[in-house]
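User: Hi! I have a structure open and would like to talk it through with you. Could you take a look?

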Amino acid sequence: LMAVLSRRKKFNVSIDIAAPVLMIPEDLQNTDSPTLVIDLGRLTIQSDSSEILPQGFDDKWSLQLSDIRAMCTHQKVASCGTMISHKHALIEPFSLNFSVLTHIAAASSAGKSIIDVQALLPRLGFNLTTSAVRLVSRLQIRWKDAKLRNAKVKRRLTIEEILSSNGGGSPRRQRFHMNMLRKATAEPIAAPLEAAVAPEQEVKFSFSAPIIVLRIGNDVGFEHLPNKSAASLIPLIDLSIRGIGGEFVSNTTHEGVSSNFTSRLRSIHVKDESCFCHVMSSIEPSLLSMVQDDEDCNNRDADLVVVEMSKQLNGDADVVIRFHELYVEWNPETLAKVQQSMRLPPSELMALTETKAAPAPVLNTDEEILQQVSQDAEFYDAVDNNPVPVGRAPAKKKSLPNFTASFYLNKLRMNFNKDSQERCLFVAEMNQTHIAFLRKSLGGSKTTATIADARMKDP
């Protein structure tokens, strides 16, 4: 593909694939058992030559993954004899869009190849309920048990082993089959087309996810209620993450590879739906009703988290993490409710994990004993006794590239409450914190920390 693009020829592609739908029932023998449905949506790839491309680019590609979703379905028969079907969207339908701009320079030219990729995730929503999370946990336990059972199954013989163990044919016929099999497996693969592309390249990848939502609720414990056409749900947690974006740029030259990565997170809000109080917020709780998330989006200083990573041509690396403001309400009652609703009951967990212990194998022959012992990693360590030559000078220690990591915290305030009614026990607050780590090229490191204001008070 790179060789074709470097020759300035149009390469038109149009692919439209309906991805499969995976249905994973909890019990294959029961048609009414809960089922996890994973819809992989639709994949569309096409080259776009209708638009006027930006200066410096020759081709444009579009890739779209649409209508990806996951849901849990369950059917039950009501007392009146009617079939009631419940469908719950575990992952709401979402799409993932990619736009690729390319300019592939030939080796004879003085220019450089440029690849620009832009990814957009418009919205991603998760709806975690007690029944859905417990269904996934039960399927995971059953999957592990199936893998353990399959591991005990005797391995099937290969074609070479079958032919070599076939005593009915003559030795000449066996050698003929073995030689034909080796020729077929060792058939040389045609060498790929060598791309005459310029050695200098620039790859840019940008991504954006405006909003990610996570909702946690309890829908278990309503079996005693009369027949209902809709399932009951008690909301527990509502989490929203806004303004995720970033960019990665890599430059390849004759001297080496350098790269820069920048990522940011605009805001985060966590609310306890059972008592309508906030649990975590990047905005002062008293100002939540007056401040909008979309206000002043261009102000980079207001981002909650900013991560910057860079790597130079000589290998030196630098990481900077900037943390703005975060306000946390630590409510043990809220955490206990979420943990209790998401975990499997002890009775179900015991029934799923209850297995009979397999009897220990009896080793009769020396070959069986050697085979059992050789499976231990320490066996090879004991066998491999390569003596270290005496008198050899120790290897010279190589210098490592410099590495610097910095962490900046503007403000963190955490209220430790007695319960979800925010009866505060004490408040911990930390302001203007800076931590830096430096690894030197010739060995050694240096760590510095500065805390301008840290306090703990009784409200």
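Predicted model: local features only at pLDDT ≥ 70, side-chain atom pairs only at ≥ 80, totals over all residues.

**Chatting through the model**

User: How many disulfides does the model have?

Analyst: The count comes to 0 disulfides. For that count, a pair of cysteine sulfur atoms would have to lie within 2.5 Å.

User: Good to know. Zooming out, how many helices and strands are there in the protein?

Analyst: The secondary structure comes to 8 helices and 17 strands. The protein has 459 residues, and 28% of them count as buried.

User: What about contacts across the sequence?

Analyst: Take the contacts between residues at least 6 apart in sequence: 65% of these join residues at least 24 apart.

User: Let's move to α5. Which of its residues are buried?

Analyst: Helix α5 covers residues 332-342, and its buried residues are Thr334, Val338, Ser341 and Met342. They span an arc of only 95 degrees around the axis, so they sit on the same side of α5.

User: I'm curious about α2. At what angle does α2 pack with α5?

Analyst: The angle is about 50 degrees, and the axes of the two helices are 8 Å apart. That angle makes α2 oblique to α5.

User: Which residues meet there?

Analyst: From α2 you have Thr130, Val133 and Arg134, and they meet Gln340, Ser341 and Met342 of α5. By type, the residues of this contact divide into 2 nonpolar, 3 polar and 1 charged. Ser341 and Met342 are also among the buried residues of α5.

User: Changing topic: where is Phe276?

Analyst: Phe276 is in the loop between β11 and β12, the latter being residues 277-281.

User: Buried or exposed?

Analyst: Phe276 counts as exposed, because its relative accessibility is 66% and the cut-off for exposed is over 50%.

User: How far is Phe276 from Ile237?

Analyst: In space they are 9.5 Å apart, C-alpha to C-alpha, while in sequence 39 residues separate Phe276 and Ile237.

User: Great, thanks for the tour!

Key
Residues numbered from 1 in each chain as written. Heavy atoms only, no water. Buried < 20%, exposed > 50% of the residue type's maximum accessible area, 1.4 Å probe, protein only. Helix = DSSP H or I, 4+ residues; strand = E, 2+ residues; numbered from the N terminus. Arc of directions from axis to C-beta. Axes fitted to C-alpha atoms, helices over the stretch in contact; angles between N-to-C directions. Parallel < 35°, antiparallel > 145°, perpendicular 65-115°, else oblique. Contact = heavy atoms within 4.5 Å. Nonpolar A, V, L, I, M, F, W, Y, C, P; charged D, E, K, R; others polar.
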